[in-house]
Amino acid sequence: MASISEWLGKQHTREKKSIKDLEQYMTCSWNYYDENNQVIVIVYRYDPPEGKKEYRPFDVKELRFKEPDVRPLYNIPGILKSDKVVLVEGEKCAEALIEQGITATTAMFGSNASPDKTDWTPLKGKHIVIWPDNDEAGKRYAENAAKKLSDLGVASLTTLKIPQNKPKGWDAADGVLEGINVEEFLASTPCINLPATSTPTTDILKTKRFVSFPARQYLSDKSPMPEDIIAPRILTPSGLLVFAGAPKVGKSDFLISWLFHIASG
């Protein structure tokens, strides 16, 4: 088939192996947790003898192997507890630093991560050090992440300059295996200081503050009731209610049921 494709002028691509074919070659896995310490994604690594290593994410909520539409960062519970976070390339590197007492994270798929599909918000307001792999892919990963973090707004943002005596592909996990003192390495290694935040370009972001209130606060409000109330302090004429929630949690069913009860009195 490859020769026919080439004869037709089409590039032959290797078929993606099924999970069943890869099962026997699974070498490790990493759990991605949300802010409530619940597992939301499990990333499996497979090392088939005849090919390159492969990573497949399992979406716990949907109970199937698929890439989440919005990809979480690794070690969210740890990120939320720390002001300083080291962003590395891949779960293996993140775990190597975590075992050394360093708060570390990575974007899913490492250097192949999609910056636009990654949820960077847990890093907002943090002091971030990017520790890239010592290769071109690592450099691109660091640059893409730095741009997103600068747009997000972090307390400080630096990228480590990997020492010239380190081999190509050298990463944080290699450093730990070498027995380096990670804290000393982070403190003594030259860094590239980057803009920690971008300046908003629209006047509305500079001058307007958007204030929101939870429904509980409205329901406990003792101020005079407005005229022509539709529902107690929730739906008012010319008013706006924003009803939000995570995907697939039943927002539509709840809203339909709620409106039905309002309509029926």
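A cavity is a set of grid points where a 1.4 Å probe fits but cannot get out, and its lining residues have an atom within 4 Å of a point. The views below show a predicted model.

**View 1. The whole protein.** The predicted model has ten helices and nine strands. Of its 265 residues, 34% are buried. Take the contacts between residues at least 6 apart in sequence: 58% of them join residues at least 24 apart.

View 2. Rolling a probe the size of a water molecule over the atoms shows where empty space is left. This structure holds one cavity of 30 Å³ or more. The volume of the largest cavity is about 60 Å³. Its lining includes Ala107, Gly110, Ser111, Ala113, Ser114, Pro115, Thr118 and Trp120. Tyr141, Asn144 and Ala145 also line the largest cavity. Sorted by type, the lining has six nonpolar residues, five polar ones and no charged ones.

**View 3. Helix α5 from end to end.** Helix α5 covers residues 136-152, which makes 17 residues. At 1.5 Å a residue, α5 should span 24 Å. Just after α5 comes glycine 153, with a positive phi of about 105°.

View 4. An α-helix has 3.6 residues a turn, so residues three or four places apart point the same way. Which residues of α5 are buried? They are Gly138, Tyr141, Ala142, Ala145, Ala146, Leu149 and Ser150.

**View 5. What α5 packs against.** The buried residues of α5 pack against strands. The partners are β5 (84-88), β6 (104-106), β7 (127-130), β8 (156-160) and β9 (191-194). Two residues of α5 that are buried, Tyr141 and Ala145, also line the largest cavity.

**View 6. Asparagine 75, a positive phi in a loop.** Asparagine 75 sits in the loop between β4 (64-65) and α3 (76-80). Its phi is near 65°, a positive value in a residue other than glycine. Is asparagine 75 buried or exposed? Buried means under 20% relative accessible area. Asparagine 75 has 17% relative accessibility, so asparagine 75 counts as buried.

**View 7. Lysine 248, a positive phi in another loop.** Lysine 248 lies in the loop between α9 (215-219) and α10 (251-263). Lysine 248 is not a glycine, yet its phi is positive, at about 65°. With a relative accessible area of 76%, lysine 248 is exposed.

Note on methods: Residues are numbered from 1 along each chain as its sequence is written. This is a predicted model: local features need pLDDT of at least 70, side-chain atom pairs count only at pLDDT 80 or more; totals for chains, interfaces and linings use all residues. Side-chain values use heavy atoms; hydrogens and water are left out. On a 1 Å grid over the protein atoms alone, a cavity is a set of points where a 1.4 Å probe fits but cannot get out, and a pocket is an open set with protein on both sides within 12 Å along at least five of seven lines; lining residues have an atom within 4 Å of a point. Grid points are joined across faces, edges and corners, and a volume is the space filled by probe spheres set on the points. Ala, Val, Leu, Ile, Met, Phe, Trp, Tyr, Cys and Pro count as nonpolar, Asp, Glu, Lys and Arg as charged, and the others, Gly among them, as polar. Helices (H or I, at least four residues) and strands (E, at least two) are DSSP runs, numbered from the N terminus. The expected span of a helix is 1.5 Å times one less than its number of residues. Buried means under 20% relative accessible area, exposed over 50%, partly exposed in between (1.4 Å probe, protein chains only). Contact means heavy atoms within 4.5 Å.
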